[in-house]
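Dear colleague,

I am handing over a structure that you have not worked with before, and I would be glad if you could look through it alongside the notes below.

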Amino acid sequence: MTATPVPDEASQETRIGPRAEQPSVTGSPEDAAPIMRRVKQKLTSRWATAAALLIAVVWTVPTFGLFVSSFRPAAKQVGPRSDGWWNFFEDWQFTFQHYIDVTASAGSQSPNLSQYFVNSLAIVIPVTLFILVLASMAAYIFAWGKFRGRDGLFIFVFALQIIPLQMSLIPLLQLFTQVLQMPSGSYAQLWIAHTMFGLPLGIFLLHNFISEIPGEMIEAARVDGAGHTTIFWRIILPLSVPALASLAIFQFLWVWNDLLVALVFSGGTADVAPITQRLAEISGTRGSRDYLNPAAAFVSIIVPLAVFFGLQRYFVRGLLAGGLKG
Amino acid sequence: MEFIGGKLLQVVIALAVFAAIIGLIMLVVDKAPKSSRDKLTVIGFLAPAAILMLVGLVYPAIQTSFFAFTDAKGQPNGVDNFVWMFTQPEALVTLRNTIVWTVLVPLLSTGFGLAYAVFIDKARGEKVLKALVFMPMAISFVGAGIIWKLVYDYRGPGIEQTGVLNFLRVAMGMQPKQFLLDAPENTIFLIIVMVWIQTGFAMVVLSAAIKGVPTELVEAARLDGANPWQQFRNVTIPGIRGALVVVLTTITIATLKVFDIVRTMTAGNYDTSVVANEMYTQAFRAGEPGRGAALALVLFLLVLPIVVYNARVLRQQREIR
């Protein structure tokens, strides 16, 4: 690294990205060719910057529009006097009422999102914990246990990850309701189904991380007389915190945002169904209360957005641990 | 707020039962006689996950394969469901749409993600720029559906438009368009939503991979007179090939399973249905579990080549290690 001369590093940065104050090229005693090249590079980098900004804008405007809409009065959103959300900036009419309507009001027509919001939390928190514990146990054995057929079995688990959920739904529903007679109106079916579906990915992600833990540490613990359980709780889990965190975020987002599993296993009642399901219901009926949809959607995405922005760093790290090794 | 009490109780009981089971396993493994301890450890640590995956994924997959050959009453009907799938116009549209989805979404998401990752590499405010494009990852497909309905909103000509796209069309002197109604291009407008969600994923993974390409290599190419495009093609792309494969396969699989976008935006009407959505419709709405199962089986067969390819790559990696 020390061999790289400093000016080179600076000029490399010009390759991409907006840099207004470049160490001026014209002043240096260089001949025409490199100058031309730099000008050309600067031009291409300007186009690249413009393209990047365009992508950023296109990617952000839809969500921003929803956010603005959620504060606009009903008459501005639907009906004859309605107009686009961008008019908000000229015609400054603001209301917080939609948020109160979708969460607090109790009528049978009301979206009643606060109930479904609690359901989502009650589904997602246990599931995330179940998957973390069970997947890390299995990942530990796959990485450090010794038994015949270990590698073959691991590849099988990896392949399970890619079975479409759609294939499991009908038999699993029959098993739950007809064979096991599980009561509808409780979270049990959703917890178990989500845990089942989340395990292959969880084991895969954690295995990559746990198998990289230096073997000497585990060996040393074993020499000191530690058994598998002690090694697992005292060494493996504390060292795997970054991977566990990323898996937790992954699972949290996935389960929170799920609609398919919820539709099949929740029974659709306000006692169990998560917020995505309710959101799909109210947005599916084209009705006079469409103006509540933006606020409802925002209530439902506020938690994942908070989790995502708060823990983004771990999330990215986890994605990479899973996919890019080797 | 009285509704929270019972729910909280359920959660607490579930967590207690789970903790008890795990505690019991740990106790048995720990107290086992030394001779059988290693074996018991493997069983104890692996069994809970293995049982859940067998019951939740392996057994249903086998079961569904059998279902696929039965009719609405559960009687065997040979390959009728598959004949239906490959002859009925509506079913054929579903298959066609699925193919369009699985070709376009991975290519476009990866393309945009890669371009964006390259463009903002080392730019000022890179973190913020990344977060903006990555953000849709955190939004549910249902939420995304509502967001994009707003973008695609349609009003008759001559009326104030409320959708951004139609506003722009009218401003440019065009007629407003029913983006979600007019087949076949409405499928493209649904695909755009999926691309919007997946691009952030591609961008983040590829961006990390680009930063992993040794700077010396890029520098050497630059000194040899390679222009930015040549540097990109001959140094960066080969350097991130592994990441590209991961991104493409992951997005392809996610796309094959996509269900929520179609469900919330058009419910599969106006010729926009895809296999994953049709499967749900047939099995749980139309009372045709056999057809649903057949569709699920086809979905699995579509994913299978990707499984085989990934398993192979994985095995190679393990052999290298």
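To begin with the place where the two chains meet, the contact draws on 126 residues of chain A and 112 residues of chain B. Please keep in mind throughout that this is a predicted model, and that every value in this email is computed from it. Together, chain B and chain A bury about 10300 Å², and 75% of that buried area lies on carbon and sulfur atoms. On the side of chain B that touches chain A, the largest share comes from helix α2 of chain B (residues 34-67), which supplies 21 residues. As for specific pairings, there are eight residue pairs in polar contact across the interface of chain B and chain A, with both residues of each pair at pLDDT 80 or more, whereas the count of salt bridges across that interface is zero.

Turning to chain A by itself, you will find 14 helices and zero strands, so that the pattern read along the sequence is α-α-α-α-α-α-α-α-α-α-α-α-α-α. Chain A has 326 residues, of which 54% count as buried, and it exposes about 14300 Å², with carbon and sulfur atoms supplying 64% of that area. If one takes the contacts in chain A between residues at least 6 apart in sequence, 71% of them join residues that are at least 24 apart.

Is Phe96(A) exposed or only partly exposed? Its relative accessibility is 46%, and Phe96(A) therefore counts as partly exposed, since the exposed class begins over 50%.

A second residue to look at is Val179(A), which lies in helix α7 of chain A, a helix that covers residues 165-179. Because its relative accessible area is 59%, Val179(A) is classed as exposed. How far apart are Val179(A) and Ala297(A) in sequence and in space? Val179(A) and Ala297(A) are separated by 118 residues in sequence, and from C-alpha to C-alpha they are 37 Å apart in space.

With best wishes

Technical notes:
Residues numbered from 1 in each chain as written. Chains lettered and ligands numbered in written order. Predicted model: local features only at pLDDT ≥ 70, side-chain atom pairs only at ≥ 80, totals over all residues. Heavy atoms only, no water. Buried < 20%, exposed > 50% of the residue type's maximum accessible area, 1.4 Å probe, protein only. Helix = DSSP H or I, 4+ residues; strand = E, 2+ residues; numbered from the N terminus. Contact = heavy atoms within 4.5 Å. Areas by Shrake-Rupley, 256 points an atom, 1.4 Å probe, with all protein chains shown as cover. Buried area = accessible area lost by both parts, 1.4 Å probe. Salt bridge = Lys/Arg side-chain N within 4 Å of Asp/Glu carboxyl O. Polar contact = N/O pair within 3.5 Å; in protein donor to acceptor, adjacent residues only side chain to side chain.
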